[in-house]
Amino acid sequence: MSTTTLVIVESPTKVPTIKGFLGKGYKVVSSKGHVRDLPKSKLGIDVEHDFEPKYINIRGKGELINALKKEAKNASKVLLATDPDREGEAISWHLAAVLGLDSEKAQRITFNELTKNTVRDAIKHPRDLDMNLVNSQQTRRILDRLVGYKISPFLWKKIKSGLSAGRVQSVATRMIVEREEEIEAFVSEEYWTISARLFKESGESFVAKFHGTPEKKLSIADGEQAEKLLAELKEASFAVGGIKKAVKRRKPLPPFTTSTLQQEANRRLGFQSQRTMMVAQELYEGVSLGERTAHGLITYMRTDSLRISEEAQAAASALIRDKFGPEYCPKTPNVYKTKAGAQDAHEAIRPSDPSLTPDSVKGKLSNDQFKLYKLIWERFMASQMKNAELDTVSVDIAAGKYLFRASGYTVKFPGFMVLYDTVRDNEDEDDKPLELPPLTVDEPLTAQEITPAQHFTQPPARFTEGSLVKMMEEKGVGRPSTFTSTITTIIARGYVRRNGKVLEPTELGRLTTKLMKDSFPEIVDYGFTAKMEDDLDKIENGQAEYLSVLRNFYTDFEKELKDADEKLEKVEYVKPVEVTDIICDKCGANMVVREGRYGKFAACPNFPKCRNTRRLSDDGDEGAEEVLADEKCPVCGADMILKKGAYGSFYACRNYPDCKTTKPYYKDTGVACPQCGKRILVKQSRSRKTFYSCEDYPNCKFSVWDVPQQMKCPKCGGLVLKKKNKEYYYCYDENCGWSETK
């Protein structure tokens with residue numbers, strides 16, 4: 001009998017990393033995510049028989065499942081090593097069912113980080129499947145299926161076909177719609193400020209702002225009031241009235257959770273949440289650092305906990321002492337309290353090995369990986385450092401019967417701010433670093449510039465992806481693992497659109513939200529949605545029974561469905577025409593946005609008389625098009641722009657098809673050429689077979705038929721190629737000889 005232990009993970013990219021840690025006696029394979037799910041063509045839930053789900057094997061995974069069955073049969077033991085969360089637990093449960101594994105042969109292992117010690121320790125401590133976690137995930141899946149498959153046909157009948165509703169996505173859309181309604185209803189109010197540049201006798205100067213009188217703060221409502229005050233102030237004598245000094249301590253922010261990472265990456269790096277989580281997944285699953293095996297650089301990235309292990313705290317403390325000095329280390333490690341209601345299943349997001357500084361791994365990471373790793377590393381290290389100390393000063397300046405005020409601070413001890421300067425990012429106008437000249441009480445001052453300024457109150461800002469994630473977390477809508485998919489879905493469904501960095505509701509989103517609020521108020525109620533998340537947590541913790549949660553939900557839901565179907569009339573929905581500011585260069589009309597089989601494009605509204613079109617960007621930005629840099633049409637001199645055709649993308653003259661000039665478009669693989677370091681592009685031969693070559697070809701002769709991979713060779717760190725249509729990977733360097741079948 002075989003003595004091999006089979007380890008099944010979710011992601012194929014984890015396989016070489018874990019295989020390198022375990023060595024002989026273990027075989028590591030991937031399930032490539034879920035192997036079973038509810039059918040797409042029907043509800044798949046027997047409501048009459050206690051919501052029994054009807055799972056089926058996912059289409060296209062038959063060959064993989066058969067291969068896994070064969071491997072499991074030949075193994076002496078099977079370890080289910082899917083991700084350490086509800087979803088991962090459910091995938092392990094489905095795998096055990098599909099592969100016919102009992103608890104004697106198959107057990108569950110989890111690890112919060114992909115490092116050798118953590119993985120080997122997990123191997124030593126297997127456990128049975130946690131059915132509370134499985135049932136919590138099943139309940140979420142069943143709830144989402146009931147809401148989606150019961151309400152969506154209702155929307156098709158009342159508005160238009162193709163719409164969908166979701167337990168979380170409908171609430172997220174409501175947030176964006178209601179924020180837009182707030183903005184539209186906002187009435188701006190005028191107000192004024194007055195500032196004065198004050199000079200000492202020595203010539204040193206500083207700026208102070210009008211405060212009011214010594215008794216109270218005064219608001220300046222309009223220009224007339226500002227002019228009256230200005231006239232009085234020009235006649236007033238200025239002198240230092242009082243000085244207050246203090247030392248203010250600024251605490252470091254805690255390490256990242258999933259939601260705070262998405263918010264900060266959006267704000268600092270401009271990453272959309274989907275991009276953030278994709279890069280974080282890569283950092284977690286393992287990056288080749290030129291060693292024999294890949295190395296997981298961060299801990300598990302789906303977490304709502306602020307907990308840090310003692311081992312990680314000790315490693316951070318040692319590094320801080322060595323890099324910055326003992327004065328930057330607190331006497332006892334900083335501990336952050338996880339908010340009430342958090343699952344606290346994993347640690348906060350942190351570097352798996354703090355000694356791997358961003359600069360030390362920069363050459364091994366892609367640009368996005370480096371930016372995100374640097375952000376995570378700096379935030380974690382700063383969280384373990386001493387408070388910053390600021391010398392603050394507030395000066396009152398008497399001006400006749402009125403009062404001006406100047407305040408600011410200087411840094412006494414930077415503490416954590418040497419790494420992660422939150423002051424720079426979060427300061428407002430009254431909280432900026434400011435060094436005032438030495439001042440004494442009753443010291444006379446001269447006002448040479450007294451300047452009034454008009455302002456208007458501003459409406460609340462539209463949501464960015466980061467601020468929407470923050471609001472969803474505050475309201476308890478969804479969980480860290482669902483934020484990204486929720487935002488992606490509401491944009492893909494056409495309920496919300498991106499306008500630069502902000503999110504705006506479409507007319508369809510407004511209409512659907514109104515219908516949902518009128519007909520299914522409970523589904524889109526913030527409190528109800530948050531309560532459902534709490535119920536899922538209780539199921540996970542063994543404090544609630546999943547069938548009771550489903551029964552309680554469905555009783556009211558079924559009644560709402562029946563009432564809505566009887567009472568609500570069909571809503572006439574006509575998709576509004578989006579008029580752009582692009583002028584048709586053939587007939588002079590403003591072009592409009594249309595959708596075709598290749599995405600959005602700008603078209604002349606006078607079609608079919610005028611057939612002029614212009615390409616738009618993938619997110620529909622008006623007038624955005626990709627122009628081939630430094631190259632004009634050799635026939636008519638117009639720009640060469642990217643177009644899409646039946647056989648793929650190509651560059652063509654802006655006047656195409658009147659001008660027939662075209663040029664091939666080559667997609668970037670994102671992989672560096674192993675010979676010269678430039679980009680590897682996807683090309684096609686004359687027989688339309690795909691191959692890959694350096695962008696500098698023929699100066700650089702690199703050209704291959706197999707697919708270049710983002711992963712690096714675990715043996716030599718070089719380029720890895722994958723055989724087309726086969727799970728066979730091998731190193732491009734023949735002298736290395738590394739290869740692997742997954």
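Buried means under 20% relative accessible area, exposed over 50%, and partly exposed in between, with a 1.4 Å probe and protein chains only.

## Basis

This is a predicted model in which local features need pLDDT of at least 70 and side-chain atom pairs count only at pLDDT 80 or more, while totals for chains, interfaces and linings use all residues. Residues are numbered from 1 along each chain as its sequence is written, and side-chain values use heavy atoms, without hydrogens and water.

## Salt bridges

The structure holds 42 salt bridges (a side-chain nitrogen of Lys or Arg within 4 Å of a carboxyl oxygen of Asp or Glu). One of them joins D658 and K586 at 3.0 Å, N to O. D658 is exposed, at 60% relative accessible area, and K586 is partly exposed, at 48%.

In another, the closest N and O atoms of E89 and R127 are 2.9 Å apart. E89 is buried, with a relative accessible area of 1%, whereas R127 is partly exposed at 28%. D706 and K723 also form a salt bridge, with their closest N and O atoms 3.5 Å apart. Here D706 is buried at 11% relative accessibility and K723 is partly exposed at 35%. Shared partners join the salt bridges of R86, R479, D534, D537 and E540 into one network.
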